[in-house]
Amino acid sequence: MLMSIDVTACSITQWLMIYGSRPRCFSVCCRRPDTVKQKNAFPPNFIHSLDSTHMMLTALYCYRAGITFVSVHDCYWTHALTVDIMNKICREQFVALHDQPILQDLSRFLINKYRYNIPVDKKPKRLQEYKKMMDVLSKVLTKGEFDLQKVKESTYFFS
């Protein structure tokens, strides 16, 4: 008999009563999250999400222009006759995406999400950690002097 059970929501005792043996993944599924790994994973995953957003915008605008667009990960291609059009669209969409206040929006989102999670216990350490987190979330890097529009004329923008 097959049963559906949420491993993270049950105890090992409940699991043993249902299945009769200890699952191989139980200790992995029920451990607390590794916050160091989570912190280290966020930046590359966030950048990857921006890259995939750029690819999707490029694909949509190529479709709108009536040209074939194919991609695998960060490799884009089209027919030889439409490479120049795809290159132009690719650059335009990169500029359009990165011209947005992405980090400011992320900061605002995270502050709004976590601002109500003020520790209610009387432990000063938890309140201090909360204040530190809110301080970190509110610090946004300022943009440098690079003129993003120059990407449109760059010979080696994307390879």
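**Before starting**

The structure is a predicted model, in which local features need pLDDT of at least 70 and side-chain atom pairs count only at pLDDT 80 or more, while totals for chains, interfaces and linings use all residues. Residues are numbered from 1 along each chain as its sequence is written, and side-chain values use heavy atoms, with hydrogens and water left out.

**Stop 1: the whole chain**

Show the chain as a cartoon. It has six helices and two strands. Helices (H or I, at least four residues) and strands (E, at least two) are DSSP runs, numbered from the N terminus. Followed from the N terminus, the elements run α-α-α-β-β-α-α-α.

Of the 159 residues, 21% count as buried. Buried means under 20% relative accessible area, exposed means over 50%, and partly exposed is in between (1.4 Å probe, protein chains only).

Contact means heavy atoms within 4.5 Å. Among contacts between residues at least 6 apart in sequence, 47% join residues at least 24 apart.

**Stop 2: the nonpolar cores**

Select Cys62, Ile67, Phe69, Tyr76, Met86, Ile89, Cys90, Val95, Leu148, Val151 and Phe157. These eleven residues make up the largest nonpolar core. Which helix gives the largest share of this core? Helix α4 (residues 83–98) does, with four residues. A second, separate core has nine residues, including Ile102, Leu110, Tyr130 and Leu137. A nonpolar core is a set of buried Ala, Val, Leu, Ile, Met, Phe, Trp, Tyr and Cys residues joined through side-chain atoms within 4.5 Å. In soluble globular proteins, nonpolar side chains tend to be buried together.

**Stop 3: the cysteines**

A disulfide is a covalent bond between the sulfur atoms of two cysteines. Here it is counted as a pair of cysteine sulfur atoms within 2.5 Å. How many disulfides does this rule give? The count comes to zero. The closest cysteine sulfur to that of Cys62 is in Cys90, 7.9 Å away, so it is too far for a bond. Cys62 is buried, with a relative accessible area of 0%, whereas Cys75 is partly exposed at 45%.

**Stop 4: Gln93**

Select Gln93, which lies in helix α4. Is Gln93 buried or exposed? At 8% relative accessibility, Gln93 counts as buried. Leaving out residues up to four places away in sequence, Gln93 touches His54, Leu57, Thr58 and Tyr61.

**Stop 5: a patch on the surface**

Go from Tyr61 to Met56 and Leu60. Met56, Leu60 and Tyr61 form a nonpolar patch on the surface, with about 290 Å² of accessible area together. Patches are made of residues with over 30% relative accessible area and no salt bridge: like charges are joined within 9 Å, nonpolar side chains (Val, Leu, Ile, Met, Phe, Trp, Tyr) within 5 Å. Met56 is in helix α3 (residues 35–65) and is partly exposed, at 45% relative accessible area.

**Stop 6: the salt bridges**

Side chains of opposite charge can pair when their charged atoms come close. A salt bridge is a side-chain nitrogen of Lys or Arg within 4 Å of a carboxyl oxygen of Asp or Glu. The whole structure has three salt bridges.

- Lys88 and Glu92: the closest N and O atoms are 2.5 Å apart. Both residues lie in helix α4, four residues apart, about one turn of the helix. Lys88 is exposed at 51%, and Glu92 is partly exposed at 28%.
- Arg108 and Asp105: the closest N and O atoms are 2.6 Å apart. The two are three residues apart in helix α5, so about one helical turn separates them.
- Asp135 and Lys139: the closest N and O atoms are 3.3 Å apart. Asp135 is partly exposed at 38%, while Lys139 is exposed at 60%.

**Stop 7: Pro119**

Finally, select Pro119, in the loop between α5 (102–114) and α6 (124–138). Pro119 is buried, with a relative accessible area of 15%. Not counting residues up to four places away in sequence, Pro119 touches Arg126, Leu127 and Tyr130. Pro119 and Glu129 are ten residues apart in sequence, and their C-alpha atoms are 9.4 Å apart in space.

Notes:
Accessible areas come from the Shrake-Rupley method with a 1.4 Å probe; for residues, only the protein chains shown count as cover.
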